[in-house]
Amino acid sequence: MENQVFVMDHPLIQHKLTFLRDKNTGSKEFRELVGEIAMLMCYEATRDLPLQEVHIETPMGEATTKVIAGRKLAFVPILRAGLGMVEGVLEMVPAAKVGHIGLYRDHKTLQPVEYYNKLPQDITERDVIVLDPMLATGGSAIDAISIVKRSNPKSIKFMCIIAAPEGVKALSEAHPDVQIYCAAVDDHLNEIGYIVPGLGDAGDRIFGTL
């Protein structure tokens, strides 16, 4: 299956992304914006969920309406920055389960190092959306998706806020079956692996550890 990259250009997402990028935006507002953007992106990333008809009683009589057809979702944030997106996506899908994968980037090699892995026990019955605000080199996303694949979920999507072309290319080549959802694809990576213009270090800005 050919990899598909979806750039979400909805006006509300793009508006909030501007304030997210601004270096003068403080941690509290930054966290709120990450959650809001994640919620809006989740709306689009779940557009292909199948529906089935059900019969209900409204105050005015019987109705045939639709509900999601038995699909179970799991969100898997990549620690730590991915945690900032969890509250927003759970606003949209409260019944979803949440797993966690801990990866940090070695600042010398720029390669991800795994230190934590906890996924829902019924992951094989679930469609998984892996979360990380930034897709830079692609290393963390590639490793996290490889970890999730070992548990044989029904499907995997990757959702980030800002991506670099280098990360999109690397992830697409490593996992061509995984759809990528982002709000923007920026210009390039700098010499230390940060997205330009980007927004800086998402984890530091979310948690106020600048």
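**Salt bridges in the predicted model**

Glu125 is partly exposed, at 38% relative accessibility. Here buried means under 20% relative accessible area, exposed over 50%, and partly exposed in between (1.4 Å probe, protein chains only). The model is predicted, so local features need pLDDT of at least 70 and side-chain atom pairs count only at pLDDT 80 or more, while totals for chains, interfaces and linings use all residues. Residues are numbered from 1 along each chain as its sequence is written, and side-chain values use heavy atoms, with hydrogens and water left out.

Side chains of opposite charge can pair when their charged atoms come close. A salt bridge is a side-chain nitrogen of Lys or Arg within 4 Å of a carboxyl oxygen of Asp or Glu. By this rule there are twelve salt bridges.

One of them joins Glu36 to Lys16, at 2.9 Å from N to O. Glu36 lies in helix H2 (residues 27-45) and Lys16 in helix H1 (residues 11-21), so the pair ties together parts 20 residues apart in sequence. Helices (H or I, at least four residues) and strands (E, at least two) are DSSP runs, numbered from the N terminus. Glu36 is partly exposed, at 29% relative accessibility.

Glu125 forms a salt bridge with Lys72 (3.0 Å, N to O). Glu125 sits in the loop between strand E7 (112-118) and strand E8 (126-131), and Lys72 in strand E4 (residues 72-79), so the pair ties together parts 53 residues apart in sequence. Lys72 is partly exposed, with a relative accessible area of 34%. Salt bridges that share partners also join Lys97, Asp122 and Arg126 into one network.
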